[in-house]
Amino acid sequence: MIAIDRRSLVGALAFGVAAGAAPARAAPLSGVAVILIPGKAGGQGPLQPLAAALRREGAAVSLPRMSWTGGYRTYDQTLGEVASAVNAARSRGARKIVLAGHSLGANVSLGYAAAQGGVDGVVAMAPGHRPDFISTTTGDSLDQARKMVAAGEGSRRAKFMDFNQGRTFPVTTTADAYLSFFDPSGPAANAARASGVRTPVLWVIGSADRPAMSDRAPYSTGTRIEVAANHQQTPVVAVNQIVDWIGKL
């Protein structure tokens, strides 16, 4: 009888299995963190198909709950909420970080990229919230907020008028926070114009989204694509183009 070394046999079998097995497919977006920032209504529904597609490609995806879902904090404080998500992604070892915002979320993504930097790309989906466009609607509230700030009452909460997709409605926040988001010369207005953004930007515009189609934002600073969608559905329709663009960063 011939003695067989069990360790040699196990090693040979393992080698054979490894040699015959197909190599595992590397996830294209492994090591990439994408922070999805919702629009003014705060709903994450339009972002879920994109989140699922990014995860299938290996990206780490987070959808932070932004302050405006319960009333506004100041614009700087809101950028701090984004910073928390960015820092969390870094702590988990992300090699690239992308901000992808819908409507008001696009504005805040651009604002963070300009003020803080340190991200590898911004996806501005159906970019919204243009204080210079809506100032005729919010004018009385702007006057009220300015008077409160001048009187040293900037931290006092009051009711002001907000505007979203043709609908005007009241929002309760501080005068400081309201001005930071709605003043036509404030930080949100500068972000809408992509002022100071140096990172690659993908502008995703729905052909049926009239405000975004007629917007004067400087789309020439990045890549602009148009998809057959309205404001709400733009992130859903553009999933493949967005995933492809992020993969090429």
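Begin by selecting R130: with a relative accessibility of 7%, this residue counts as buried, a label given to residues under 20% relative accessible area, while those over 50% are exposed and those in between partly exposed (1.4 Å probe, protein chains only). The model is predicted, so local features need pLDDT of at least 70 and side-chain atom pairs count only at pLDDT 80 or more, whereas totals for chains, interfaces and linings use all residues. Residues are numbered from 1 along each chain as its sequence is written, and side-chain values use heavy atoms, with hydrogens and water left out.

**Around R130**

R130 lies over the face of F133, at 4.8 Å from the ring centre; the rule asks for NZ of Lys or CZ of Arg within 6 Å of the ring centre and within 35 degrees of the ring normal. A salt bridge here is a side-chain nitrogen of Lys or Arg within 4 Å of a carboxyl oxygen of Asp or Glu. D132 is partly exposed, with a relative accessible area of 24%.

**Further salt bridges**

The count of salt bridges by this rule comes to 8. Select D162 and K40, which form one with their closest N and O atoms 2.9 Å apart. D162 belongs to strand β5 (residues 157–164) and K40 to the loop between β1 (32–37) and α2 (48–56), so the pair ties together parts that are 122 residues apart in sequence. Helices (H or I, at least four residues) and strands (E, at least two) are DSSP runs, numbered from the N terminus. Both D162 and K40 are buried.

Move to R156 and E153, a salt bridge in which the closest N and O atoms are 3.2 Å apart. R156 is partly exposed at a relative accessible area of 41%, and E153 is partly exposed at 33%. Then display D143, R146 and D183, which salt bridges link in a network.

**Aromatic rings**

The structure holds 5 aromatic pairs. Select Y178 and F182: their ring centres are 4.4 Å apart and their planes stand at 15°, so the pair is stacked. Rings of Phe, Tyr and Trp (its six-membered ring) pair if their centres lie within 6.5 Å; planes under 30 degrees apart count as stacked, over 60 as edge-to-face and the rest as tilted. Y178 and F182 are both in helix α6 (residues 175–182), 4 residues apart, about one turn of the helix, and both are buried.

**The nonpolar cores**

Now select W68, Y72, V82, V86 and Y112, which touch the most other members of the largest nonpolar core, a set of 45 residues. Such a core consists of buried Ala, Val, Leu, Ile, Met, Phe, Trp, Tyr and Cys residues joined through side-chain atoms within 4.5 Å. Helix α3 (residues 75–91) gives the most to this core, with 7 residues. Another core lies apart from it and has 26 residues, including A59, A229, V239 and W245.

Centre the view on V82. Leaving aside residues up to four places away in sequence, V82 touches I37, M66, L99, V108 and Y112, a contact being heavy atoms within 4.5 Å.

**The whole chain**

Finally, show the entire chain, with its 10 helices and 8 strands. Of its 249 residues, 47% are buried.
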